[in-house]
Amino acid sequence: MKHWEGLGYYSRARNLKKSAIIIVRDFHGKLPKSYEKLIELPGVGEYTSKAIMSIAFNVKTIPLDGNVERILKRTLYLKKQNEISKDFLITKINFFGLSDRASDYSQAIMEIGALICKPKNPSCKECPLNKNCISFKKNDFELTKINKEIKTKYFEATIYKKHNNYLLVKNDKFKFLKNMPIFPMTEVRESKYNYSNNKKINIKLSNMEMKILLNNAKRPPKIKNKILIKKDKLSSEIIPSFTKKIFYTIAKSE
Ligand code: SF4
């Protein structure tokens, strides 16, 4: 977890370990050669199981990653919101056909996306798909993005410090940063946030814009799963960037 720090997606590290344990226990230490069994492993979804089936086991299937999505959107000229959803794009994957060299073939398609059909300035003249590409014919390579709604939420974080130790809590309350150390927080109303003169910090986490009031407490909040962290030990502890940002904001005003 220390090495993973700062990369985000902490659940990936936990799922890797959980899956490794299951593979050793139930599959004699070898990845199961079945889409249905792979997809049951923690952290393995549709894309990863198809990628393993195709790349590792040469099974005729094409995993839909961001690069493959981009090729489909361009070749088939898909622009509307309902046409660019993952579910819809999966229904169009047969555009590529299949090959007996499944492993090479799916990697080759991903590489076309990564190296030729690039997000900006695609190299269409070098592209083996240019005869079948509507975007090329129309000379329009603009990609439509999925409209993700950014939600603004308001929080109050309790900052309690004693003898240079800060009090954090192992997060079992919020869906974000599950089981990671955060400052004790509660969600508050927008009006409470707006009318408070306390120090404030904005942090964007995934599709959430978090506006956080920093409330210095004289007494420790009554909470379970407390963790005490010394500020000078911050770099040697497993702390998410989210919590560090709050630390640094507090440190500036001390
Ligand atoms: S012809 Fe151009 S736009 Fe079409 S798939 Fe190839 S690189 Fe992408």
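Let's begin with helix H4, which gives the most to the shell around the ligand, with three residues. Keep in mind that what you are looking at is a predicted model.

The shell around the ligand counts 14 residues, and the closest are Cys117, Pro122, Cys124, Cys127 and Cys133. Two elements give two or more residues to it: helix H4 (66-75) and helix H7 (134-138). Sorted by class, the shell holds 10 nonpolar, three polar and one charged residues.

Back to H4 itself. How many of its 10 residues are buried? Seven are, so the helix counts as mostly covered. The buried ones are Val68, Arg70, Ile71, Leu72, Lys73, Arg74 and Thr75. And what do they pack against? Their partners are helix H5 (86-91), helix H6 (102-116) and H7. Just after H4 comes Tyr77, with a positive phi of about 55 degrees.

Now zoom out. The chain is divided into two parts, domain 1 (10-138) and domain 2 (151-252). Taken over C-alpha atoms, the centres of domain 1 and domain 2 are 38 Å apart.

Next up is an open sheet of four strands, in the order S5-S1-S7-S6 and with mixed pairing. Its edge strands are strand S5 (185-187) and S6, each of which pairs on one side only. On average, neighbouring strands of this sheet are turned by 30 degrees against each other, ignoring direction. As a general point, strands of a sheet pair through backbone hydrogen bonds, in either a parallel or an antiparallel way. Here is how the pairs go:

| Strand pair | Sense | Bridges |
|---|---|---|
| S1 (residues 151-159) and S7 (residues 208-216) | parallel | nine bridges |
| S6 (residues 199-205) and S7 | antiparallel | seven bridges |
| S1 and S5 | antiparallel | three bridges |

Thr152 stands opposite Glu209 in S7, Ile203 has Met210 in S7 as its bridge partner, and Ala157 stands opposite Met185 in S5.

Helix H9 (residues 241-252) packs on this sheet, where it touches S1, S6 and S7. The direction of H9 makes about 160 degrees with that of S6.

One last stop: S6 and S7 form a hairpin with two residues between them. Ser206 sits in that turn and has a positive phi of about 55 degrees.

Terms used: Residues are numbered from 1 along each chain as its sequence is written. This is a predicted model: local features need pLDDT of at least 70, side-chain atom pairs count only at pLDDT 80 or more; totals for chains, interfaces and linings use all residues. A residue is near a molecule or strand if its C-beta atom, placed from the backbone, lies within 6 Å of it. Ala, Val, Leu, Ile, Met, Phe, Trp, Tyr, Cys and Pro count as nonpolar, Asp, Glu, Lys and Arg as charged, and the others, Gly among them, as polar. Domain bounds come from an automatic or database domain assignment. A residue is buried if 20 or more other C-beta atoms lie within 10 Å of its own, exposed if 12 or fewer, and partly exposed in between; C-beta atoms are placed from the backbone. Two residues are in contact if their C-beta atoms, placed from the backbone, lie within 7 Å. Two strands pair if DSSP finds at least two bridges between them. Axes are lines fitted to C-alpha atoms, for helices over the stretch in contact, and angles run from 0 to 180 degrees between N-to-C directions.
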